[in-house]
Amino acid sequence: MKRGLVLDKVVLLGRTLEEYRRYFALDIANLRGQAILDVASGVSSFCAEANELGLNVTAFDSIYTLAAEEIGRRCKADLDQVSHAIGDLETYRWDFYQSTESLRQFRERAYRAFLEDYRTGQGTRYLPGNLPRLPFGDGQFDLTLVSYLLFVYEDQLDYEFHKRSLLEILRVTRGEARLYPVVTFEARRCRYLDQLKADEDLSRFGFEEVRTDFEFLLNSNYYLRVFRR
């Protein structure tokens, strides 16, 4: 029987710039002048907040064909579902968020800031599409971030999807990609990680699991850094 969060689909839960900074150990000041891609960004406010600070961030997600009102309805329903389910699970540490209500406030702040920016940035800062294909040129971005899609949805997304998505992410990235977390919702290290590292089609890339000081989902205090050797 599963002890972690059980989801039958990829949910729309927004994360803030502060959460991204912690997930990926980002030095915001050093990102100035870089082209940054946020893949599967959903209703996170990272793109909106970062661009307000003068950073150059493009967000990519399959939902960006939808109107803001439809996205708002969907993310509110997903937040209600997850907030109700997550409080009693043993797979989370509450040092940072303290309570489900505080967590909900982070998520609401993120998706509201996203929706406000999306209304003017759809089609420019927010571009639609589906992995494992990206509508960008080779080496277009210095840094690509992926949070809470690859690895964590191990049950829904198979190895081939992970491999093809990672190859495509690295095609459009001239610097490095960072993926967070490297565990599933069961707080178990994703079984695809070692397969990817050993895959001959990925042999030209280096993999580094980098420790961070942030852990909400148990064992999620690492991100995966992928780069050309």
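User: Hi! Where is the place of Pro-132?

Analyst: Hello! In this predicted model, Pro-132 sits in the loop between E3 and E4.

User: Nice. Which residue does Tyr-180 join through a cis peptide bond?

Analyst: That would be Pro-181, with omega at about -10°. Pro-181 belongs to the loop between E5 and helix H6 (192-198). For context, most peptide bonds are trans.

User: Switching to the sheet: what is the order of its seven strands?

Analyst: The order is E3-E2-E1-E4-E5-E7-E6, in an open sheet with mixed pairing. Strand E3 (126-128) and strand E6 (205-211) are at the edges with a single partner strand each, so one side of each has no neighbour in the sheet. From one strand to the next, the twist averages 20°.

User: And E5 with E7, parallel or antiparallel?

Analyst: Antiparallel: strand E5 (residues 173-180) and strand E7 (residues 222-228) are joined by four bridges. If you want to find the pairing on screen, Leu-179 has Leu-224 in E7 as its bridge partner.

User: OK, on to the core. Which residues touch the most other members of the largest one?

Analyst: The largest nonpolar core has 82 residues, and those touching the most other members are Leu-26, Phe-46, Leu-134, Phe-151 and Leu-179. So Leu-179 turns up both there and in the bridge to Leu-224; in general, nonpolar side chains tend to be buried together in soluble globular proteins.

User: What is Leu-134 in contact with, leaving aside its neighbours within four places in sequence?

Analyst: Its contacts are Leu-37, Val-39, Phe-60, Glu-168, Ile-169, Arg-171 and Val-172.

User: And Phe-151, what is its phi?

Analyst: Phi of Phe-151 is near 75°, which is positive in a residue other than glycine. Most residues other than glycine have a negative phi. Phe-151 is in the loop between E4 and H5, and because its relative accessibility is 1%, it counts as buried.

User: Is Asn-219 buried or partly exposed?

Analyst: Partly exposed, because its relative accessibility is 41%. Asn-219 also has a positive phi, near 70°, and lies in the loop between E6 and E7.

User: Let's talk rings. How many aromatic pairs are there?

Analyst: The whole structure has 28. One of them is Tyr-64 with Phe-114: the ring centres are 5.9 Å apart and the planes are at 25°, under the 30 degrees cut-off, so this pair is stacked. Tyr-64 is in the loop between strand E2 (56-61) and helix H3 (68-86), while Phe-114 is in helix H4 (residues 100-121), 50 residues apart. Both of these residues are buried.

User: How about Tyr-97 and Phe-216, how far apart are their centres?

Analyst: They are 4.7 Å apart with planes at 70°, so that pair is edge-to-face. Tyr-97 lies in the loop between H3 and H4 and Phe-216 in the loop between E6 and E7, so the pair ties together parts 119 residues apart in sequence. Tyr-97 and Phe-216 are buried.

User: Last one: which ring does Arg-15 lie over?

Analyst: Arg-15 is over the face of Tyr-148, 4.0 Å from the ring centre. Arg-109 is placed over the face of Phe-106, at 4.7 Å from the ring centre.

Conventions: Residues are numbered from 1 along each chain as its sequence is written. This is a predicted model: local features need pLDDT of at least 70, side-chain atom pairs count only at pLDDT 80 or more; totals for chains, interfaces and linings use all residues. Side-chain values use heavy atoms; hydrogens and water are left out. Two strands pair if DSSP finds at least two bridges between them. Helices (H or I, at least four residues) and strands (E, at least two) are DSSP runs, numbered from the N terminus. Axes are lines fitted to C-alpha atoms, for helices over the stretch in contact, and angles run from 0 to 180 degrees between N-to-C directions. Rings of Phe, Tyr and Trp (its six-membered ring) pair if their centres lie within 6.5 Å; planes under 30 degrees apart count as stacked, over 60 as edge-to-face and the rest as tilted. Buried means under 20% relative accessible area, exposed over 50%, partly exposed in between (1.4 Å probe, protein chains only). A charge sits over a ring if NZ of Lys or CZ of Arg is within 6 Å of the ring centre and within 35 degrees of the ring normal. A nonpolar core is a set of buried Ala, Val, Leu, Ile, Met, Phe, Trp, Tyr and Cys residues joined through side-chain atoms within 4.5 Å. Contact means heavy atoms within 4.5 Å.
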